[in-house]
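Here's a quick briefing to read alongside the model.

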Amino acid sequence: MKHYEYFNTLLPHLTANREGPVASQIVPSAAFGYASAQEAEAIFAGEAPKPVYARMGNPTGGKLEQALAKMEGGAAAVVTSSGMGAIAMVLTAFLQSGDRVLCAGGFFGGTYAMMKDTMPRFGIEAEFCDVDDFEKMEKSLENGAKMLFVESVGNPNLRLPDIRRMAIMCDRYGALFVVDNTLTPLIVQPLKMGADIVVYSTTKIISGHSAALGGAALFRALKDEDEKLINRKFASIHPILKKGKAALMMVLKKRAMRDFGMSANAFASFLTMVGLETLALRTERVNTSVKKLAQLLHDEGVKVRHPSLADHEHHLRYEALFADGCGPVVTIDCGTKERAFAFLNELKVPIQTANIGDNRTLALHMASTIYRDFAEEERRHMGITPGLVRVSVGLETPLVLAEDMIGAWKKSIG
Ligand SMILES: *Cc1c(COP(=O)(O)O)cnc(C)c1O
């Protein structure tokens, strides 16, 4: 809990101005005037730290980038138009036709579709395995998979990866290790556990208010002799790596953002900073509530799934590695689609929507919405059963939530 006290002190000040307007300024300009032809040349050469053009980043997004890098202990950050934008940026900046990416665990639907259907159209193949299938993971990395991608907590299958063990494996085989930390900002710190890159959908918990779509990629500093990246399999980024410790930022900007344009807009970055100020306070509250709610539901016979419960297969890993919780998501298996619909329609507090990490509790039937386009076997891989309802716990009183859900369960299922 000391941890939260540190962030409660840090975060509200990260984006504030101590003189003049305290809130961050929104700079809506797409273009920026250069003082002279010489300055224009210097800006384009990356020698003068001034904005080039908003597709390459704007000052409001720049402020959010600095705040996120500080929060995560990263060398720098790049903010994007959405979480999918951040993932697309990382994949297209580092991979090319003929490369393979190893996907461990069941993913958020958009990420899974991207890996399974979209990237293969550009010659980048994905392999899938469970978070605990270390044998397959090792074989795939040994055979040259260039990147390992994992979610810090499977959304919505709630399987927990052993991030440190995966990081060691990636270092051994020279693969880039990317962690989607959308569900666990502050409580899991992947860069400190050996990840090379962290991606976020800031739309979710970092904002908390459902008012701004956004994403971010953060990365570790380059080392003097960066064994992983100086390998010839990363030859195509070698000219950019000469730019110093934060060179990975240039890799993302020059090889993805400039050409694909998944840039964040200033207003969304501003709203994201407003959310960031209270992130630690909200995180502590939500993670305490999730544990309480899961236990209350479990005690009343609701088929609830969460790693804090002793019957979850990763309960021991949860206790050892996720001391402060594992984010806002719990799932409830209602058995069938019909029962799930009845349960959802009985709920009075949760809002039915395809989002998580909101200050309000949200709920959604998985198989008929986000996962509707997937084959039966793919749904099984991602832990999507026919009656699965995902709940994202908000700031409300957990007792009120429990009462609402237990009532709805009894009316529709019990
Ligand atoms: C929502 C989500 C994304 C995608 O983010 P958007 O901001 O909606 O594009 C990626 N990963 C995870 C784990 C998510 O929950």
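Rings of Phe, Tyr and Trp (its six-membered ring) count as a pair if their centres lie within 6.5 Å; planes under 30 degrees apart are stacked, over 60 edge-to-face, and the rest tilted. By this rule, the count comes to seven aromatic pairs. Keep in mind that this is a predicted model.

**Aromatic pairs**

- Y34 comes from the loop between α1 (2–14) and α2 (37–44) while F44 belongs to helix α2, so the pair ties together parts that are 10 residues apart in sequence.
- As for cover, Y34 counts as partly exposed with 33% relative accessibility, and F44 is exposed with 54%.
- There's also an aromatic cluster, made up of Y112, F128, Y371 and F374.

**Overall build**

- Secondary structure comes to 15 helices and 12 strands.
- A compact globule of 414 residues would have a radius of gyration near 22 Å, and the protein's own 22 Å agrees with that.
- The C-alpha trace spans about 75 × 55 × 40 Å along its principal axes.
- Of the 414 residues, 57% count as buried.
- If you take contacts between residues at least 6 apart in sequence, 73% of them join residues at least 24 apart.

**Surface and charge**

- The accessible surface is about 17800 Å², and carbon and sulfur atoms account for 54% of that.
- Charged side chains number 47 positive and 46 negative, with the centres of the two sets 3 Å apart.

**A look at L68**

- L68 sits in helix α3 (residues 59–72) and is buried, its relative accessible area being 0%.
- Beyond its neighbours within four places in sequence, L68 touches A77, V79, I206, A216, L218 and L276.
- L14 is 54 residues away from L68 in sequence, yet their C-alpha atoms are 8.9 Å apart in space.

**Backbone spots to check**

- As background, most peptide bonds are trans, and most residues other than glycine have a negative phi.
- The N155 to P156 peptide bond is cis, with omega near 5°.
- P156 lies in the loop between β4 (147–151) and α7 (163–173), and L158 has its place in the loop between β4 and α7 as well.
- L158 isn't a glycine but has a positive phi, near 55°; this residue is buried, at 0% relative accessibility.
- S210 isn't a glycine either, and its phi is positive at about 60°.
- You'll find S210 in the loop between β6 (197–201) and β7 (215–219), where this serine counts as partly exposed with 40% relative accessibility.

Definitions and conventions
Residues numbered from 1 in each chain as written. Predicted model: local features only at pLDDT ≥ 70, side-chain atom pairs only at ≥ 80, totals over all residues. Heavy atoms only, no water. Helix = DSSP H or I, 4+ residues; strand = E, 2+ residues; numbered from the N terminus. Rg over C-alpha atoms; globule rule 2.2 N^0.38 Å. Buried < 20%, exposed > 50% of the residue type's maximum accessible area, 1.4 Å probe, protein only. Contact = heavy atoms within 4.5 Å. Areas by Shrake-Rupley, 256 points an atom, 1.4 Å probe, with all protein chains shown as cover. Lys, Arg positive; Asp, Glu negative; His and termini not counted. Charge placed at Lys NZ, Arg CZ, Asp CG, Glu CD.
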